[in-house]
Amino acid sequence: MSDQPVREVPDHPTVRAAIRLGCRAPSVHNTQPWRWVFDGTALELSRDPDLQLAAADPTGRQAVISCGAVLHHVRTAFAAAHWRTAVTRLPDPDRPELLARIEFEPWPEPPIGELRRADAIDRRYTDRLPMEAPIGLTSVVSTLDKLVAPHDLSLDVLTDEVRPRLALVSEQSGALRRYDMEYQAELRWWAGHSERSEGIPPSALISESERARVGVARSYPPVERSARRGDLDDHARLVVLSTGDESPLAWLRTGEALSAVLLDCTASGLSTCALTHVTELTAGRRLLAGLIGHPGVPQVVVRIGIAPEDGQRPPTPRRPLTDVLTER
């Protein structure tokens, strides 16, 4: 008989609740390219290759970033349920799709920051419309720097002077893809449909006139002409998350840091929109690398601002729990 103490683990209802909440994480085109397996002791996160965007994301970079975001969301949900999570990233070289393995121990008193960010999960959404300028950004950025540093990322706030250059790159990235039929077909498949449990519904998209007032925005299939926040040009600030290298581990860490940024901004009353289209192509990454002023690989741009009170947004759909979680 073993003298080893029995490891405490969350029960299945707790795991289901944490996964259900954590899967509110953002993902490229809301593809939700993740799979979870709970064996009664540990929880494993894998990337679902069937949900990789072949045209927009041939290397799987954005899919792994998306999985990093859900990893951090789920860990935050477990923290709120008083479970500390220890993560082994890329635990098996022979299983490249396996991104993380989580083990547990009780956490009677999680930090207040974890609880604030967990409470923000259901309130966070991607705001593609024009925003007002954020208030108290210096203090917010100080906190965000501390959140991304453990993931070996840097966070840089771009000046308003460089915004026109980034808007031009954003526009050029759309123009370069305009006649890429595979890319456009993929975009139409994932965006603008309201009856599916994945993808971006019409309510979350913006019209061409709205996008023109934002400037730095991915070009999705146009929706019915609209002029929401019609008296507002975008004054959101742009921040860049950069890694030290280009690797699956760096991409996973990017998603974790991105999740922390988005949730902390939400908890602070700010709205956000993560942008990866400007880093899809070499020209965009090269421009951003020049703008941040230090060595690094730009991975994601985030718009941070204040959304005027303009009504409750319907939540974007999520896949059923049975599609993303296997329990053994």
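Predicted model: local features only at pLDDT ≥ 70, side-chain atom pairs only at ≥ 80, totals over all residues.
Leaving aside its neighbours within four places in sequence, with which residues is Leu43 in contact?

**View 1. Surroundings of Leu43 in the largest nonpolar core.** When neighbours within four places in sequence are set aside, the contacts of Leu43 are Val15, Ile19, Trp36, Val37, Phe38, Val74, Phe78, Ala100, Arg101, Ile102, Phe104 and Leu325. The largest nonpolar core has 50 residues, and Leu43 belongs, with Ile19, Trp34 and Trp36, to those that touch the most other members. The element that gives the most to this core is α2, with nine residues. In soluble globular proteins, nonpolar side chains tend to be buried together.

**View 2. A second, separate nonpolar core.** This core consists of 17 residues, among them Leu158, Leu238, Ile292 and Val301.

**View 3. The largest pocket and the residues nearest its centre.** The space in the largest pocket amounts to about 1,100 Å³, and its lining is made up of 48 residues, with Arg124, Tyr125, Thr126, Thr272 and Arg313 lying nearest the centre. At least two lining residues are supplied by each of α2 (61–80), α8 (248–267) and β7 (271–275), and the largest share, five residues, comes from β7. By residue class, the lining of the largest pocket comprises 21 nonpolar, 16 polar and 11 charged residues.

**View 4. The second largest pocket and its lining.** About 290 Å³ of space lies in the second largest pocket, for which 17 residues form the lining and His72, Arg75, Glu114, Arg117 and His151 lie nearest the centre. Two or more residues of this lining come from each of α2, β3 (83–89), α3 (112–120), α4 (137–148) and α8. Its residues divide into six nonpolar, four polar and seven charged.

**View 5. The largest cavity and the residues that line it.** A search of the whole structure for cavities of 30 Å³ or more finds one, and the space in the largest cavity is about 50 Å³. The residues lining the largest cavity are Arg128, Leu205, Ile206, Ser207, Glu208, Arg211, Arg218, Ser219 and Tyr220, which divide into three nonpolar, two polar and four charged.

Definitions and conventions. Residues numbered from 1 in each chain as written. Heavy atoms only, no water. 1 Å grid on protein atoms, 1.4 Å probe; cavity = no way out; pocket = protein on both sides within 12 Å on 5 of 7 lines; lining within 4 Å. Points joined across faces, edges and corners; volume = space filled by probe spheres on them. Nonpolar A, V, L, I, M, F, W, Y, C, P; charged D, E, K, R; others polar. Helix = DSSP H or I, 4+ residues; strand = E, 2+ residues; numbered from the N terminus. Core = buried A, V, L, I, M, F, W, Y, C linked by side-chain atoms within 4.5 Å. Buried < 20%, exposed > 50% of the residue type's maximum accessible area, 1.4 Å probe, protein only. Contact = heavy atoms within 4.5 Å.
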